[in-house]
Amino acid sequence: MTGGASTDPCAEDFKGKTQGDAPETQVLSAWMQKIKSAQGLKLFIDYHSYSQLFMTRKEKNPSRHSIFC
């Protein structure tokens, strides 16, 4: 997929070499996997401070979850 974040490691919007390769992402992912294994995990909301947007993943079948369309 082209566009979006930069492939230049010196750019502010560098997307990384691979998905989830940032140390922060790896720690958060491991922590969530630990919680999921111990007690289950139904929902995780990731809040960002830059904007006032509520972003969700694109649904494969939008008619099932019309609130996100």
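This is a predicted model: local features need pLDDT of at least 70, side-chain atom pairs count only at pLDDT 80 or more; totals for chains, interfaces and linings use all residues.
Residues are numbered from 1 along each chain as its sequence is written. Local features need pLDDT of at least 70 and side-chain atom pairs pLDDT 80 or more, while totals for chains, interfaces and linings use all residues, and side-chain values use heavy atoms, without hydrogens and water.

The protein has 1 helix and 0 strands (DSSP runs, H or I of at least four residues for helices and E of at least two for strands, numbered from the N terminus). Helix H1 covers residues 23–39, and its 17 residues reach 24 Å from first C-alpha to last, close to the expected 24 Å (1.5 Å times one less than the number of residues). Just after H1 comes Gly40, with a positive phi of about 90°.

Of the 69 residues, 6% are buried (under 20% relative accessible area; exposed is over 50%, and partly exposed lies in between, with a 1.4 Å probe and protein chains only). Let us turn to Ser6, found in the segment before H1. Ser6 counts as buried because its relative accessible area is 17%. Its neighbours in contact (heavy atoms within 4.5 Å) are Ala11, Asp13, Phe14 and Lys15, leaving aside residues up to four places away in sequence.

Phe44, by comparison, sits in the segment after H1 and is partly exposed, with a relative accessible area of 39%.
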